[in-house]
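Morning, everyone. Please have a look at the model on the screen, and then we will walk through it piece by piece.

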Amino acid sequence: MKNLDETDVKILNRLKQNARTPLKELSAEVFLTTPAVSARIEKLEAEGYIKGYHADLDLEKLGYGIRAFIMITVQPEDSGKFYDFVRKEKCVLECSHITGPYSMILKVAFSSTGLLDVFLGKLQVFGKTETQVVFSTVLERH
């Protein structure tokens, strides 16, 4: 957290808890004027500390109760096609390049195990996969 002071950290933590926190409320918490807090937030956005504002959706209530982590080994020469594929697939929540026996890990969500199975069939053209289905999530931070 280079170039961040204690006030910036407080603002970031509060926005992480609730991105819709009113500026007036933030101002009172960090003992600055509303314009000063607004300027700090704009600076944090410009410097890339704040990448965006998002709604935290309940996937299960939305009908996507099947969540899984899929590890896959993708050959370097296939990575461009693989990245294009996962970017187009709405079921892919995250895709990370990792160390270890697999090269990628995907976090995915589906409305049924049948759709997960269909997706795995499409994915396996890129390499060997291993899938872990999520039973429950104990902690999720953003």
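Start with helix 1, residues 6-17, and helix 2, residues 23-30: their axes come within 10 Å and cross at roughly 140°. This is a predicted model, so keep that in mind throughout. The crossing of helix 1 past helix 2 is right-handed. Who makes the contact? From helix 1, we have Thr7, Lys10, Ile11, Arg14 and Leu15. From helix 2, Glu25, Leu26, Glu29 and Val30. By class, the contact of helix 1 with helix 2 has 4 nonpolar, 1 polar and 4 charged residues.

Next, helix 3, residues 34-46. Helix 1 packs on helix 3 at an angle of about 80°, and their axes are 11 Å apart. That makes the two roughly perpendicular. On the helix 1 side, look for Thr7, Asp8, Ile11, Leu12 and Leu15. On the helix 3 side, they meet Val37, Arg40, Ile41 and Leu44. The contact of helix 1 with helix 3 divides into 6 nonpolar, 1 polar and 2 charged residues.

Now the third pairing. Helix 2 and helix 3 have axes 9 Å apart and an angle of about 100°. Helix 2 is therefore roughly perpendicular to helix 3. Leu23, Lys24, Leu26, Ser27 and Val30 of helix 2 meet Thr34, Val37, Ser38 and Ile41 of helix 3. The count for the contact of helix 2 with helix 3 is 5 nonpolar, 3 polar and 1 charged.

Stay in that region for one residue. Phe31 sits in the loop between helix 2 and helix 3. Its phi is near 60°, a positive value in a residue other than glycine. For context, most residues other than glycine have a negative phi. Is Phe31 buried or exposed? Phe31 is exposed, because its relative accessibility is 72% and the cut-off is over 50%.

On to the aromatics. How many aromatic pairs does the structure hold? There are 5. Take Phe82 and Phe126: the ring centres are 5.5 Å apart and the planes are at 75°, so the pair is edge-to-face. This pair links distant parts of the chain, 44 residues apart. Phe82 is in helix 4, residues 79-88. Phe126 is in the loop between helix 5, residues 113-123, and strand 4, residues 129-133. Phe82 and Phe126 are both buried.

A second pair is Phe110 with Phe119. This one is tilted, at 5.6 Å centre to centre and 45° between the planes. Phe110 is buried, and Phe119 is buried too. Then step back. Ring pairs link Phe82, Tyr83, Phe85, Phe110, Phe119 and Phe126 into a cluster.

Phe119 brings us to Val108, as Val108 touches it. Val108 lies in strand 3, residues 104-110. Is Val108 buried or exposed? Val108 is buried, because its relative accessible area is 0%. Its contacts come from several stretches of sequence. Leaving aside residues up to four places away, Val108 touches Ile66, Arg67, Ala68, Ile70, Cys91, Val92, Leu93, Leu116 and Phe119. One distance to note: the C-alpha atoms of Val108 and Lys90 are separated by 8.7 Å, at 18 residues apart along the chain.

Last stop, Val134 and two distances. Val134 is in the segment after strand 4. With a relative accessible area of 18%, Val134 counts as buried, because the cut-off is under 20%. Where does the chain come back to meet it? Val134 touches Arg67, Ala68 and Phe69, not counting residues up to four places away in sequence. Val134 and Arg67 are 67 residues apart along the chain, and their C-alpha atoms are separated by 5.4 Å.

Thr99 and Val134 are 35 residues apart in sequence, and 21 Å apart in space, C-alpha to C-alpha. Thr99 is in the loop between strand 2, residues 92-97, and strand 3. At 75% relative accessibility, Thr99 is exposed.

That's my tour. Over to you.

Key. Residues are numbered from 1 along each chain as its sequence is written. This is a predicted model: local features need pLDDT of at least 70, side-chain atom pairs count only at pLDDT 80 or more; totals for chains, interfaces and linings use all residues. Side-chain values use heavy atoms; hydrogens and water are left out. Helices (H or I, at least four residues) and strands (E, at least two) are DSSP runs, numbered from the N terminus. Buried means under 20% relative accessible area, exposed over 50%, partly exposed in between (1.4 Å probe, protein chains only). Contact means heavy atoms within 4.5 Å. Rings of Phe, Tyr and Trp (its six-membered ring) pair if their centres lie within 6.5 Å; planes under 30 degrees apart count as stacked, over 60 as edge-to-face and the rest as tilted. Axes are lines fitted to C-alpha atoms, for helices over the stretch in contact, and angles run from 0 to 180 degrees between N-to-C directions. A crossing is left-handed if the near helix is turned anticlockwise from the far one by less than a right angle, and right-handed if clockwise. Ala, Val, Leu, Ile, Met, Phe, Trp, Tyr, Cys and Pro count as nonpolar, Asp, Glu, Lys and Arg as charged, and the others, Gly among them, as polar. Angles under 35 degrees count as roughly parallel, over 145 as roughly antiparallel, 65 to 115 as roughly perpendicular and the rest as oblique.
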